[in-house]
Amino acid sequence: MNTARAIIQLWLPVIIIVLTLIEILIIPLLSGKNRGVRRLSVRTVILLTTILMISIYPEVLSEPTEYEIASLFGNGIIFRIDLLSLLFMILAGIIFLTVSFYTSVDIKGCGRERSFYLFFMITYLATIGTLMAGDLLSFFMFFEVVTFASFALMVHERGQKVIEAGSIYIYFGIFGGLSILAGILVLSAYTQNYEWITIAEKFGEMGNVKYVSAAFFITGFGVKAGMVPLHHWVPVIYPKSHISVNALSSGILMKLGGYGIVRLIVSVISSTKTLEQLNVNRVLITLKDIGAVVIWLGIITMVVGVIAALEQEKMIRMLAYHSVSQMGYVIMGIGVAAYLGYEGAMGFSGSVYHMINHGLFKALLFMVAGIVFFRTREKNMYNLGGLWRKMPIAAAAGLIAALGITGMPLLNGFASKSILHHAIIEAYEYGHPAFKWAEYLFTFVSACTAASFIKLYSHVFLGHIPKKYKYVKERYDTGTIALIVLSILIIVIGIFPNLLMDHFIIPSARALNFDAYFIDKYLVGMNFFNSKDLMSMVTVYSAGFIIYIAGIKFNLFHFHLPQQLDFESEYYAPFYERSGKFLRRIIGSTERYINKSDVFIYGFMLLLLILLLLNFL
């Protein structure tokens, strides 16, 4: 058994790539009559690869595993799996698996199912590849494949408005990719190395150009993470995409942006082990400056996202803006980790923990909103009500997810938000007193989050049910499985918040050179259910009710920005229309060529598989 596990550990990147590529080859060959087989094979591959990831945990806990394909793409590809990357790989497997159950409900009858699952599995492969990447070039390559493959998922319906929205997504994606590439080129010009673990060796000697490189990286990763002011693609494309794609994007794909920033910062911190003290001081000073900026970028993202969410009437747009706001929490935590350097384990832990939690409850929220839409065909929450009687499972799952995102004790969001709250307190206690205002804004955003989900849940599930929805009935299908699985995970993490801390996050912090004394004193055996943190949530929910009541009474939830400041307004419609027509021509010509023969897809994928296998041997 130990020998088999050792083999899996050594060859895991190859096994995942080969299994997924075989599935990608099979998908185009399964016609519409084999729809059930195709869906089953997709789920089987994702489940199997996820189990393999979980199986190597004991080995990765003792030592990161590495695998190199030396001759591929000139410089070769390095895969490196440590506890941090393994945690997100497992999250990706869980999100893709649950979404795969939900897709059979979501895309039913929409056509082009083979195309959807083809790009779904390409996105899965690229996501896992991004997380396994042990060097910047490999990371960039997989990261860009995620962008283009997920674009195909985003515009799957192919309508004019969908393509127009997709044009914004792809433009932002290309801009983000070019920013990351620019950061890599600037960094490699000084370090002559692309590996994460050696980034800091010359980082302290780069002069002011290191800030230029950092700005490129933060901008590029910030686009994927939905960081303000690079977030406009989120509320534009989400209302036009399938619900399952929204759940996938918010559940894991946006996390790749946050993961990129985390990986960059912790790689710099951990690399200081090999530096002389003078270089260490230079690196830490640089990180402190960068961290201060990132903290405020996170706070701004939190505030803008939550205020925009409060003003929404349609469920999907509200959830889209909350994805932006919740990623602001993550970005703020990453900023604290960089700002405090060796003592930044609290910020690191909170940001990583919240990415995991957000992936679970936000995927669930989108799925619940989708089920409500499928049964009622209504997107506006103000036109709904009383649906808990007709859709009890969706109502229960929605309540669990809503309480999770607002930070209710005994549900998963409480633990990560508590850690992030402690992190921003440390930023002003050990750093600059100006961060006290950041803590006030943190509490304000938390209260607004509570208010917006009080609004959402009360308008959709509580109160009187409109007559036209009197005969709505809940349907139990594979989508219900996805709701139940995610709900259980949210509850389990909420009841046992130390599980992820003890088995993944704290060991990761130790391995990444954060101060051991600080970790032992503040993170090990953390008592999440202490009176101070519990009382802070009483304050948050009380303020949330006040904001909700005031918003309803004084009609504050219908404020709209001037058209010039609202990138989703009709003011920018001509630009979207021109972009959409351009993309429709490209997509149309490509699809016409591919649709002539599935042999094109099969041959291309077979050639790619052969090339990869030749490099493995």
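Let's start with a crossing: helices H12 and H16 cross in a left-handed way.

A word on the model before we go on. This is a predicted model, where local features need pLDDT of at least 70, side-chain atom pairs count only at pLDDT 80 or more, and totals for chains, interfaces and linings use all residues. Residues are numbered from 1 along each chain as its sequence is written, and side-chain values use heavy atoms, with hydrogens and water left out.

Now, how do we describe a helix pair? Two packed helices are described by the angle between their axes and the distance between the axes. The axes are lines fitted to C-alpha atoms, for helices over the stretch in contact, and the angles run from 0 to 180 degrees between N-to-C directions.

Back to H12 and H16. H12 covers residues 315-340, and its axis comes within 12 Å of the axis of H16, at a crossing angle of roughly 155 degrees. The two helices are therefore roughly antiparallel to each other. The cut-offs are these: under 35 degrees is roughly parallel, over 145 roughly antiparallel, 65 to 115 roughly perpendicular, and the rest oblique.

Who touches whom? On the H12 side, the contact includes Met315, Met318, Leu319 and His322; on the H16 side, it includes Phe435, Phe442, Val445 and Ser446. Contact means heavy atoms within 4.5 Å. By class, the residues of this contact of H12 with H16 are 12 nonpolar, 6 polar and no charged. Nonpolar covers Ala, Val, Leu, Ile, Met, Phe, Trp, Tyr, Cys and Pro; charged covers Asp, Glu, Lys and Arg; the others, Gly among them, are polar.

Next pair: H13 and H15. H13 is residues 345-376 and H15 is residues 412-429; their axes come within 8 Å and cross at roughly 150 degrees. H13 and H15 are therefore roughly antiparallel to each other. Their crossing is left-handed. In H13, the contact residues include Met346, Gly347, Tyr353 and Phe361, and in H15 they include Asn412, Lys417, Leu420 and Glu426. The contact of H13 with H15 divides into 8 nonpolar, 10 polar and 2 charged residues.

H4 is residues 83-106, H17 is residues 478-495, the angle is about 150 degrees, and the axes are 6 Å apart. Again, H4 and H17 are therefore roughly antiparallel to each other. The crossing of H4 and H17 is left-handed. Among the residues that meet are Ile94, Thr98 and Phe101 in H4, with Ile481, Val485 and Leu489 in H17. The contact of H4 with H17 has 9 nonpolar, 4 polar and no charged residues.

Now the charges. How many salt bridges does the structure hold? There are 9. A salt bridge is a side-chain nitrogen of Lys or Arg within 4 Å of a carboxyl oxygen of Asp or Glu.

Take Arg80 and Glu66. Their closest N and O atoms are 3.0 Å apart. Arg80 is in strand E2 (residues 77-81) and Glu66 in strand E1 (residues 65-69), so the pair ties together parts that are 14 residues apart in sequence. Arg80 is partly exposed, at 22% relative accessibility. Glu66 is partly exposed too, at 43%. On this scale, buried is under 20% relative accessible area, exposed is over 50%, and partly exposed is in between, with a 1.4 Å probe and protein chains only.

A second salt bridge joins Lys436 and Glu439, at 3.1 Å from N to O. Both lie in helix H16 (residues 435-460), 3 residues apart, about one turn of the helix. Lys436 is partly exposed at 25%, while Glu439 is buried at 10%.

Then Asp520 and Arg510, at 2.5 Å from N to O. This pair links distant parts of the chain: Asp520 is in helix H19 (residues 516-523) and Arg510 in helix H18 (residues 498-511), 10 residues apart. Salt bridges also link Arg35, Arg38, Arg39 and Glu113 in a network.

Thr20 sits in helix H1, residues 2-26. Is Thr20 buried or exposed? Thr20 is buried, because its relative accessible area is 0%. Leaving aside neighbours within four places in sequence, Thr20 is in contact with Val45, Met121, Tyr124 and Leu125.

Key: Helices (H or I, at least four residues) and strands (E, at least two) are DSSP runs, numbered from the N terminus. A crossing is left-handed if the near helix is turned anticlockwise from the far one by less than a right angle, and right-handed if clockwise.
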